[in-house]
Amino acid sequence: MKKDLTGYWKKNLSLLITLLSVWAFVSFGLSILFVEPLNAIRIAGFPVGFWFAQQGAIYVFVILIFVYYFRMKKIDEDFDVQE
Amino acid sequence: MKGITYTQVAQYVVLIIAYLVPAIAISMKITGSVLPQTGFGATIAAGPDSGRYLLDVVNQLNTDLGFAEYTRAFGQGNKSMLDIFCITMALMVGTAGLPHVIIRFYSVPSVRAARLSAGYALLFIAVFYTTAPAIAAVARYSMMKTISGIEYSKAPAWFRNWEKTGLIAWTDKNQNGIIEYFPDAPFAGKPSFTGEKGSYGQELLANTSTDNRNELYIDSDIIVLANPEIANLPPWVIALVAAGGLAAALSTVSCLLLVISSSISHDLYYRLINRNASEKNRLLVGRLMIGLIVCIAGYFGINPPGFVAQVVAFAFGLAASSFFPVIVLGIFSKRVNKEGAICGMITGISFTIFYIVHNKYLGGSPWFFGISAEGIGTVGMIINFLVTLLVSRLTAPPPMEVQEMVENIRFPRGAGASIDH
Amino acid sequence: MSILTWTYIIVGITFILYLCIAWVSMVKTTSGFYVAGGGVSPLANGLATAADWISAASFISMAGLISFMGYAGSIYLLGWTGGYVLLALLLAPYLRKFGKFTVPDFVGDRYYSDFARFVALLCAIIVSFTYVAGQIRGVGIIFSRFLEVDVNTGVLLGMAIVFF
């Protein structure tokens with residue numbers, strides 16, 4: 001049976017684009033481009049932009065890879081291309 | 001590969017304990033917070049600054065002496081936004097393009113395991129990387145408090161311990177016996193001691209003094225190693241840090257040397273020069289090359305172009321500008337062909353090497369929009385992407401079987417064990 | 001006990017530990033040192049990757065650089081963690097499926113050219129070499145402190161240990 005590989009690849013790409021957008025927004029957006037306005041806000045002793053650059057972004061990165069793992073597992077099974 | 005994998009697991013355990021123990025101890029001592037990650041956003045527990053936020057105090061100590069505010073992003077005395085952007089990008093993309101990182105994902109049994117393994121890897125890395133900024137901020141605080149404006153004769157013991165290694169030095173410009181710390185270099189170049197002692201017992205320097213007020217030279221490399229001493233932790237913690245540093249260095253070097261030796265014995269010698277080479281011959285070639293590389297690397301270790309992290313930062317720029325674009329395009333595009341990839345890699349890495357050498361060794365200025373040598377890999381990467389795509393478009397598409405291979409690597413089913421050579 | 005004695009004890013214990021593990025797993029893998037194929041669990045591989053990744057540069061220099069740079073030190077924090085997202089999403093699964101051992105192998109096969117393989121190989125060597133140089137400097141700095149010698153002597157010692 002010929003598998004729907006085009007459909008699978010499209011699903012994969014759209015997941016990648018979503019996750020990479022979050023990646024770019026947190027690292028380059030919140031931590032670099034908008035760091036100055038965010039630094040005006042404070043949570044405890046942390047200016048928020050500074051916190052994202054030195055803490056927050058890293059936590060988000062970890063979450064992104066695990067989300068990717070679980071979503072891909074589901075997509076692989078839906079299209080029956082898992083190992 | 002499997003052999004060193006389990007040794008590396010042990011090395012991770014050693015290095016993370018060595019990193020966390022002093023970090024937690026210092027965090028508890030200064031802010032009373034057990035987690036260093038939250039500690040550097042907390043208030044100082046004791047002393048004249050008690051009750052104030054640590055970062056506020058560090059900001060003030062910095063600005064009092066004329067340094068830029070610790071948490072401030074851009075502006076006077078800081079890197080530009082574009083530069084920060086480019087360096088971050090170069091380091092990220094370089095990480096993904098480093099050969100010794102990529103080969104790790106061949107050791108797991110399946111594609112799904114490769115994805116999960118990347119998640120675990122980043123989780124364990126994150127434990128370390130979220131602790132580092134906490135150590136940095138707390139060290140800045142204790143450093144400013146214990147040395148700046150203190151008489152040399154009353155300086156703490158660790159100061160003299162580290163003076164012997166040439167990583168810290170003091171030149172008493174105004175002859176008042178007080179260690180005065182301001183921005184800019186206190187003298188030209190790295191410290192070179194005359195071997196004689198000054199009137200306060202300090203090591204005298206042969207370097208030419210600069211005409212600013214700063215009297216103190218501190219190599220940034222000593223912060224982690226001296227931090228337990230600065231915080232007066234027991235001697236076994238200091239020893240633990242030495243063991244952790246060695247674990248970190250050895251685990252990385254063993255894997256890198258494996259990559260270099262397999263590149264040379266497998267890719268160069270076996271695949272390109274002598275197709276009939278015996279296994280024994282290939283291993284011997286690999287071994288010899290390791291020796292040669294260690295010697296050349298040692299020379300650069302003695303005459304480094306920057307701090308440790310900066311030397312390494314160049315490797316990232318080079319990886320970003322050579323591998324990453326051709327690998328990503330090789331997977332996500334069926335149209336890119338050999339002409340494109342070869343031109344792309346050559347232009348990308350040549351541009352990056354040229355810019356770094358011109359800036360660091362030939363005294364050139366960062367002429368490309370003020371982007372520093374560490375961040376130029378981003379530009380090299382973009383050049384590589386553009387050249388690869390453009391040249392591919394102008395030449396014939398790759399053969400059918402290559403296009404099928406690309407199709408085939410896009411889904412997990414059928415991934416067998418990695419093929420040994 | 002003095003710092004020096006403690007250092008010898010702790011460094012000695014950890015080195016014996018590594019040698020034991022290397023020896024035990026060496027016996028298991030008779031089919032050669034470079035065989036990558038499959039037997040490592042994702043968790044163990046994740047831990048090993050982390051050890052591999054946290055280099056002398058990140059261990060010794062990074063917190064120090066951040067300490068002097070303040071906010072700008074974030075480049076190292078973001079750069080050396082964010083790259084794993086790219087690696088996990090864009091490269092690792094596909095290269096695993098491809099299944100060959102080295103990066104030049106992928107480039108050589110995907111671009112059906114020995115010349116491309118050679119260029120990739122040259123890049124791999126330049127990159128790894130630059131990286132090793134930084135590491136050896138790092139080992140030198142640690143040795144210089146714990147044996148109380150000059151950094152350059154420490155570098156030479158580090159070279160000897162790494163080669164061994």
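**Strands, helices and chain contacts in a predicted model**

Of the five residues of strand β2 (residues 193–197) of chain B, the number buried is zero, so β2(B) lies largely in the open. The model described here is a predicted one. Strand β2(B) is paired with strand β3 (residues 203–205) of chain B in the antiparallel sense, and the pairing runs over two bridges. Within this pair, B:Phe193 stands opposite B:Leu205 of β3(B). The two strands form a hairpin, with five residues between them. In the turn of this hairpin, B:Gly201 has a positive phi of about 90°.

A positive phi also occurs at B:Gln175, where the value is about 55° although the residue is not a glycine. B:Gln175 is placed in the loop between β1 (168–170) and β2 of chain B. With a relative accessibility of 61%, B:Gln175 counts as exposed, since the cut-off for exposed is over 50%. In chain A, A:Ala44 is likewise not a glycine and has a positive phi, of about 50°. The position of A:Ala44 is the loop between β1 (42–43) and β2 (46–47) of chain A. A:Ala44 has a relative accessibility of 46% and therefore counts as partly exposed.

Chain B as a whole contains 14 helices and four strands. Of its 421 residues, 61% are buried. The C-alpha atoms of chain B fill a box of roughly 75 × 45 × 45 Å, taken along the principal axes. The chain is divided into four parts: domain 1 (1–79 + 99–146), domain 2 (147–230), domain 3 (235–303) and domain 4 (308–410). Between the C-alpha centres of domain 1 of chain B and domain 4 of chain B, the distance is 31 Å. Among the contacts in chain B between residues at least 6 apart in sequence, 68% join residues at least 24 apart. B:Gly414 is found in the segment after α14 (400–409) of chain B. Its relative accessible area is 65%, so B:Gly414 is exposed.

Chain C has seven helices and zero strands. From the N terminus on, its elements accordingly read α-α-α-α-α-α-α. Buried residues account for 68% of the 164 residues of chain C. Of the contacts in chain C with a separation of 6 or more, 29% are between residues 24 or more positions apart.

One helix of chain C, α5 (residues 103–110), meets a helix of chain B. The axes of α9 (residues 235–273) of chain B and α5(C) come within 9 Å and cross at roughly 45°. The helices α9(B) and α5(C) are therefore oblique to each other. On the side of α9(B), the contact is made by B:His266, B:Asp267 and B:Arg271, and on the side of α5(C) by C:Pro104, C:Asp105 and C:Asp109. By class, the residues of this contact are one nonpolar, one polar and four charged. Helix α5(C) is itself mostly covered, with eight of its eight residues buried. Among these buried residues are C:Pro104, C:Asp105 and C:Asp109, which also take part in the contact with α9(B). The others in the buried set include C:Val103, C:Phe106 and C:Arg110. Helix α5(C) is followed by C:Tyr112, whose phi is positive, near 35°.

The axes of α1(A) and α4(C) come within 11 Å and cross at roughly 175°. The two helices are therefore roughly antiparallel to each other, because angles over 145 degrees count as such. The residues of α1(A) that make the contact include A:Trp9, A:Leu16, A:Leu20 and A:Trp23, while those of α4(C) include C:Leu78, C:Val85, C:Leu89 and C:Tyr94. The residues of the contact of α1(A) with α4(C) comprise 12 nonpolar, four polar and no charged. Among the residues at this contact are A:Asn12, A:Ser27 and A:Ser31 of α1(A), and C:Gly82 of α4(C). For the contact of α9(B) with α5(C), by comparison, the division is one nonpolar, one polar and four charged.

Technical notes:
Residues are numbered from 1 along each chain as its sequence is written. Chains are lettered from A and ligands numbered from 1 in the order in which they are written. This is a predicted model: local features need pLDDT of at least 70, side-chain atom pairs count only at pLDDT 80 or more; totals for chains, interfaces and linings use all residues. Side-chain values use heavy atoms; hydrogens and water are left out. Axes are lines fitted to C-alpha atoms, for helices over the stretch in contact, and angles run from 0 to 180 degrees between N-to-C directions. Angles under 35 degrees count as roughly parallel, over 145 as roughly antiparallel, 65 to 115 as roughly perpendicular and the rest as oblique. Contact means heavy atoms within 4.5 Å. Ala, Val, Leu, Ile, Met, Phe, Trp, Tyr, Cys and Pro count as nonpolar, Asp, Glu, Lys and Arg as charged, and the others, Gly among them, as polar. Buried means under 20% relative accessible area, exposed over 50%, partly exposed in between (1.4 Å probe, protein chains only). Domain bounds come from an automatic or database domain assignment. Two strands pair if DSSP finds at least two bridges between them.
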